[in-house]
Amino acid sequence: MRVLILGAKGQLGRELEACFGQGHQVVGCDLPEFDITDRDQVFRTVAASRAELVINAAAYTDVERAESEPEPALRSNAAGAGHAAAAAAAVGAPVVYYSTDFVFDGTSNAPYTEETTFPDLVPLSMYGRTKLLGESATRTENPNHFIVRTAWLYGPGGNNFVEKILAAAKTRPELRVVSDEVGCPTHTWDLAEATMALCGTAAPGTYHFVNGGFCSRFDMARAALEMAGMDTPVHPCLAAEFPTAARRPARAVLSTEKYTKATGRTPRPWRDALAHYIQRRETHA
Ligand SMILES: NC(=O)c1ccc[n+]([C@@H]2O[C@H](COP(=O)([O-])OP(=O)(O)OC[C@H]3O[C@@H](n4cnc5c(N)ncnc54)[C@H](OP(=O)(O)O)[C@@H]3O)[C@@H](O)[C@H]2O)c1
């Protein structure tokens, strides 16, 4: 199968290239040569690739900056998503769009499902709003879509939470990490494999994919440090102590039951996936 990956230099894009590259013909594109906000260029690129599957992993992911500068986030995450979906539809190809737990308000104690709607499906941040608009644009422009909501991604080369914690632990005598933000850490490798499974076996639609279980940022930091063999002390604190421009869901746990039913696969527990990532880092260090 010919697979076109948009946003191929991002932390997820690189994993998608590696994963789909084992058996498919993969072409990747990203800024600065390729800009998803340029509708004509997206149509030209998709047509020239003769793609049988278009994976849109391109996104404006600076959650804080999106609050003060929403236009670029809207152009990439909402309008750009529509361009990718429409261009894929024009060549008869399915499109994959990645969305986020930030589309939920984070007030529910129960896991969010693909059927969860208003009043829970209410983004608290501009980034979340642009991603929800991107979901709608994808659905409207291409009925043959896979919208995959995920969360707390970390992968090689990414400026992610795990890397920030490990870097901070090298220079600071102790760390303070929020314990009242709960979510589902997810390894980009697992998400790339899940994407392949969904596109291979599942019906088009909206799916959640995250690693198994959930934890606080504090739990995740402590686990990453322990797995990396670092003994920097880490203390829990409250999110209110670190005010940010963007509001985040306090507790966003995504149910992956629909993914499991569709593919017959169960996401591995987040601790196993994190241990695998730490081991990969060490192998490539
Ligand atoms: N990271 C997370 O925790 C998380 C959680 C839930 C969902 N997601 C979603 O998962 C997907 C992948 O995220 P990620 O963590 O891999 O993000 P990432 O590392 O920031 O990768 C996104 C890629 O898209 C590129 N890009 C940005 N604007 C573009 C444009 N106008 N045209 C073409 N390419 C553009 C970026 O280039 P530059 O780096 O040059 O800007 C980058 O290479 C995104 O849809 C994101 O919203 C991420």
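## Ligand shell

Strand β4 gives the largest share of the shell around the ligand, 3 residues. Helices (H or I, at least four residues) and strands (E, at least two) are DSSP runs numbered from the N terminus. The model is predicted: local features need pLDDT of at least 70 and side-chain atom pairs count only at pLDDT 80 or more, while totals for chains, interfaces and linings use all residues. Residues are numbered from 1 along each chain as its sequence is written, and side-chain values use heavy atoms, with hydrogens and water left out.

The ligand is surrounded by 25 residues, a residue being near a molecule or strand if one of its heavy atoms lies within 4 Å of it. Asp30, Asp35, Thr61, Tyr127 and Lys131 are the closest. At least two shell residues each come from α1 (11–21), β4 (95–100) and α5 (126–141). Sorted by class, the shell holds 12 nonpolar, 9 polar and 4 charged residues. Here Ala, Val, Leu, Ile, Met, Phe, Trp, Tyr, Cys and Pro count as nonpolar, Asp, Glu, Lys and Arg as charged, and the others, Gly among them, as polar.

## Polar contacts and burial

A polar contact is a pair of N or O atoms within 3.5 Å; within protein, one must be able to donate a hydrogen and the other to accept it, and residues adjacent in sequence count only if both atoms are side-chain atoms. For Leu12, a backbone N or O atom lies 2.9 Å from a ligand oxygen atom. The protein buries 78% of the 900 Å² that the ligand exposes when taken alone, with accessible areas from the Shrake-Rupley method and a 1.4 Å probe; for residues, only the protein chains shown count as cover.

## Sheet and helices

An open sheet of 6 strands runs in the order β2-β1-β3-β4-β5-β10, with parallel pairing; two strands pair if DSSP finds at least two bridges between them. Because β2 (25–29) and β10 (205–208) are edge strands with a single partner each, one side of each has no neighbour in the sheet. On average, neighbouring strands are turned by 20 degrees against each other, direction ignored. Strand β1 (residues 2–6) is parallel to β2 and joined to it by 5 bridges; Val3 has Val26 of β2 as its bridge partner.

Helix α5 packs on this sheet, touching β4, β5 (145–150) and β10, with its direction at about 155 degrees to that of β4. Contact means heavy atoms within 4.5 Å; axes are lines fitted to C-alpha atoms, for helices over the stretch in contact, and angles run from 0 to 180 degrees between N-to-C directions. Helix α7 (residues 188–201) lies across β3 (53–56), β4, β5 and β10, at about 150 degrees to β5.

## Backbone features

Leu31 and Pro32 are joined by a cis peptide bond with omega of about 5 degrees; Pro32 sits in the loop between β2 and α2 (39–49). The bond from Phe118 to Pro119 is also cis, omega being near 10 degrees, and Pro119 belongs to the loop between β4 and α5. Arg50, not a glycine, has a positive phi of about 50 degrees and lies in the loop between α2 and β3.
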